[in-house]
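Please read the points below with the sequence and the model open beside them.

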Amino acid sequence: MRAQSSATAPTGIAVDTPARASTAGGTLMAALGVIAFSLTFPATAWGLEGFGPWSLVAVRSALAALLAGGCLLALRVPLPDRRHWAALAVVGGGVVFGFPMLTTLALRTSSTAHAAVVVGLLPLTTALFSALRVGTRPSRTFWTAALAGAAAVVAFTVQQSGGALTTADLYLFGALLVCAAGYTEGGRLARTMPGWQVIGWALVMCLPLSVPAAALALSYEPVALTAHSVAGLLWVAAGSQFLGLVVWYRGMAAIGIPKASQLQLAQPLLTLVWSVLLLGEQLTVAAPLTAAAVLVCIAVTQRARG
């Protein structure tokens, strides 16, 4: 049985219209995911206007878990096999708690533009974790481009902080490591279950921690409900933490990881745009130049891997 039907164009060339439609839809889904992720840092900055960092992360995780749990329950998705629980715990620790917490702490003193450039290394860091975890052997070109991208970001952070790494920079580099670990395990799990279920179950597994943490943090940190703080919280919870990952994984399933990764190259540059439009930040010349340099390095690693 053929998975795709073909149509014949007037020129006599066979055209796989269902395949083209699937590719177009998958590209759109992946692009929507990238846009959702690019808004995460500006939304976090808005959220911090009314919430403390611990409250913002805990409430964000709890709300996203309730949304994900509702979807899993409505669709009657069975519990994952026990052999997947350890990997889901890594996804939860890295993507649900670790990355949001460390980047939120960093954004208390760092601009979103600065954070976007540093976290622009995430595709490279994930590739390194994947190589170590899966045992692949990337080419010399891959490693050269990866190290060049890392060097560009380190030089940028040192230059921006006056010759030494700041506490915010350390938070951001830590966020790279834990998120890369979570992405790697999530990618491995996505081979055996739909990607949205991976993040959904990871969020639900963290619910027994996120709800008490939210209650405790809210009792200690002052809260000021403003339009910005509420909008920021709702976006990082629903848009970044769950719905963005849903469309992202659907896009990857349709067009493949390599093509989807090419779209993700635009994420740091999009965040720079949002930081100017939504937050009124003033960009230094080094920020877009470093982001562009990292983009080139990642593009080279993608071609080397392909």
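1. Helices here are DSSP runs of H or I with at least four residues, numbered from the N terminus, and axes are lines fitted to C-alpha atoms, for helices over the stretch in contact, with angles running from 0 to 180 degrees between N-to-C directions. This is a predicted model, in which local features need pLDDT of at least 70 and side-chain atom pairs count only at pLDDT 80 or more, while totals for chains, interfaces and linings use all residues. Residues are numbered from 1 along each chain as its sequence is written, and side-chain values use heavy atoms, with hydrogens and water left out.

2. The axes of helix 3 (residues 53–74) and helix 9 (residues 195–220) cross at roughly 140° and come within 6 Å of each other. The two helices are therefore oblique to each other, a class left for angles that are not under 35 degrees (roughly parallel), over 145 (roughly antiparallel) or 65 to 115 (roughly perpendicular). In their contact, 20 residues are nonpolar, 6 are polar and none is charged, where Ala, Val, Leu, Ile, Met, Phe, Trp, Tyr, Cys and Pro count as nonpolar, Asp, Glu, Lys and Arg as charged, and the others, Gly among them, as polar.

3. The whole structure holds 3 cavities of 30 Å³ or more, a cavity being a set of points on a 1 Å grid over the protein atoms alone where a 1.4 Å probe fits but cannot get out, whereas a pocket is an open set with protein on both sides within 12 Å along at least five of seven lines; lining residues have an atom within 4 Å of a point. The largest cavity contains about 350 Å³ of space, and of its 20 lining residues the closest to its centre are Phe-37, Phe-99, Leu-122, Tyr-183 and Gln-267. Its lining comprises 12 nonpolar, 7 polar and 1 charged residues.

4. The second largest pocket has about 160 Å³ of space, and its lining includes Trp-143, Phe-173 and Thr-125. Helix 7 (140–160), like helix 6 (122–134) and helix 8 (167–189), supplies at least two residues of this lining, and helix 7 gives the most, with 5 residues. By class, the lining has 11 nonpolar residues, 1 polar and no charged.

5. Arg-76 lies in the loop between helix 3 and helix 4 and, although not a glycine, has a positive phi of about 55°. Most residues other than glycine have a negative phi. Arg-76 is exposed, its relative accessible area being 74%, where exposed means over 50% with a 1.4 Å probe and protein chains only.

Note on methods
Points joined across faces, edges and corners; volume = space filled by probe spheres on them. Buried < 20%, exposed > 50% of the residue type's maximum accessible area, 1.4 Å probe, protein only.
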